[in-house]
Structures are given as structure tokens and as C-alpha cells.
Amino acid sequence: MSHVAYELGTQPECWERAAELAPAHRAVLPRPGERTAIVGCGTSYYMAQAAATLREEAGHGETDAFPASEFPRHRRYDRVVALTRSGTTTEVLDLLAALRESGVPTTAVTGDPATPVMTLADGLVVLDFADERSVVQTRFATTALTLLRAHVGRHTPGAVADARTALAEPVSEELVSRGQFTFLGRGWSVGLAHEAALKMREASLSWAESYPAMEYRHGPVSVTGPGTVTWCLGEAPEGIAEQVLATGARWVAGRLDPLAELVRVHRLAVAVAAHQGLDPDAPRHLTRSVILNSGEEAVR
């Protein structure tokens, strides 16, 4: 069994632990009313997008999400939360150092505290039980999101139950043989759709795209047709399923909690990788953490 296959299978237990831990970290997580930014890189950025939308939907205050490298340093926030599995990603560390100099309170959610992030962030939430050996992120990302989801009162035991359902059901052999995937989301699940597409690209080298569901009809539907899959994480807009089916594509309706739907995508990505003879633990051109030297550019 690959590391990623094992790790994605432990997500329900990790989510339960994160939800239980959330109240103990209330002091370092954004308080209601605080103007907040959540940052990350790659997968962590997409989790930041989902968490930011959830926080605003819960009425906790204005919340933005940025890639760490694109954070607008001229803006003022009451708190910045950084999601970083490794605690070593260059762009995140550079931003935390700059924010410390400017006096903006920061919190890092990490899988490994024995890294530079420990001394750069003002507050720390350690999810070491969700850390991973695989380059491809699954359980750390979804566990960090569950922590933030629970913090704003939007986590439910039903999400965990749905994740167990997602792990128990067989992966569709028909989907495994497809080579092009489009993922859609609405509200907080837009970030999950972006992460779903990233997983398919990383693990299986599939052609994968992602869009807000209503934007899909404004152009991207033109690449849909026989042999492709369009998958909606969460409730789909009225009429979009019929439009996809009319192209000859396969439509997959989200029927579980959107985060559990992402677990279904995780399993599909691993299955497609196996079908193509790829090692999902060693995605092409990627490393577990992007650590840059002067003049280098990040790839994820």
C-alpha cells in the first residue's frame, strides 16, 4: 500500500481529533469580528479558500485567502493564519517573518512543530497526528480545514460518517479509465474543487480543471464531451447536470458532505495512478516541501 493510500484512509479519525482540539486552541485562532487572512501554498491555499468562505458564511467576519507568495502586505488584518504541513515552505516563512516585523498577530497550523515556523508564528496549532510521509497531501489538509471548520461551528459528525462512507464504497472502474476531469463547487466547496483537480494532476497526471459551478457554463463546458467527467462537490446548480449529460460526458453528483466528496476524489486519484502504472507517493517534479534558494521559483 502506498503512503498516500494509507494516509487518506485515516482521515475520519483525524477529523474527529481535530474537532475535539478546536476549543483548546480558541485563543490563537481568529476571534469573531477579527479581519482575518488565511494563507498557504498549493493544497494549503485551496484549504485556505474553503476555510475563509466558511468563516464568512458563519458570520465570524471578513476573511480573505491568499497564496503566501501573493499576500497583499499593504493591507491590514487583525490576524493571519498560515496553513503549512511541513513548517518549512519558503514563501510561508518569509511572510510570517515580515508580518512579525509589522506587528500583525499570526498563527501557524502545522504538522511538524520542530521546524522554523515554530519561532516565526505568534501562535501554533500542531496537528502532528495528521502529518504525512507522502508528497501528496490528503489528511493534513482536510484535518486542518476540519479544525477551522469546527472553530466556526460548521463541523458536524455527519461529515465524519460521510468520510467513512467515501472510504468504504468501491471506486468506479468507469471513472478510472477516464482521462479528463472537471470539478465544480459552490461557496466553500469551490476551494475543494480546486484541490480535487490538483490531486488528480499530482497523483495521476490527469487533465483536470476546476471552476465555480455557475462559471462552468461560461466557457469551460466547451471542453466537455464523451470520455470526460464532470464532478460537483456539493449541491449543483439547477440544470447543469442535464447540460453535462447532453455533451456525452459522465456526470457525478455530490451526495456526501463536500469534504467527504473530496475523499472520494482522493481515492480516485490513487486508483487512476495505479491504472497508469504511476507511483502516487512520488509525483513528477514535486517535493514534500518547496524550499527555495535565491533565484529559484516555486512549482507548487
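**Close-up 1. Pairing of strands β3 and β4 in the predicted model.** Strand β3 (residues 79-84) and strand β4 (residues 106-110) run parallel and are joined by five bridges, with helices and strands taken as DSSP runs numbered from the N terminus (H or I of at least four residues for helices, E of at least two for strands). A82 has A108 of β4 as its bridge partner. This is a predicted model, in which local features need pLDDT of at least 70 and side-chain atom pairs count only at pLDDT 80 or more, while totals for chains, interfaces and linings use all residues. Residues are numbered from 1 along each chain as its sequence is written, and side-chain values use heavy atoms, with hydrogens and water left out.

Close-up 2. Five strands with parallel pairing form an open sheet in the order β2-β1-β3-β4-β5, two strands being paired if DSSP finds at least two bridges between them. β2 (63-67) and β5 (123-126) stand at the edges with a single partner strand each, so one side of each is left without a neighbour in the sheet. On average, neighbouring strands of this sheet are turned by 20° against each other, direction ignored. Helix α4 (residues 90-102) lies across β1, β3 and β4 and runs at about 160° to β3, whereas α6 lies across β3, β4 and β5 and runs at about 135° to β4; axes are lines fitted to C-alpha atoms, for helices over the stretch in contact, and angles run from 0 to 180 degrees between N-to-C directions.

**Close-up 3. Packing of α6 with α11.** The axes of α6 and helix α11 (residues 258-275) come within 12 Å and cross at roughly 180°. The two helices, α6 and α11, are therefore roughly antiparallel to each other, a term used for angles over 145 degrees. T142, L145, T146 and R149 of α6 make the contact with L259, L262 and H266 of α11, where contact means heavy atoms within 4.5 Å.

**Close-up 4. The second largest cavity.** Three cavities of 30 Å³ or more are found in a search of the whole structure, a cavity being a set of points, on a 1 Å grid over the protein atoms alone, where a 1.4 Å probe fits but cannot get out. The second largest cavity holds about 60 Å³ of space, and its lining consists of P30, T36, I38, A51, R55, L148, H151 and V152, lining residues having an atom within 4 Å of a point. Two or more residues of this lining come from each of β1 (36-40), α3 (43-57) and α6 (139-151).

Methods:
1 Å grid on protein atoms, 1.4 Å probe; cavity = no way out; pocket = protein on both sides within 12 Å on 5 of 7 lines; lining within 4 Å. Points joined across faces, edges and corners; volume = space filled by probe spheres on them. Parallel < 35°, antiparallel > 145°, perpendicular 65-115°, else oblique.
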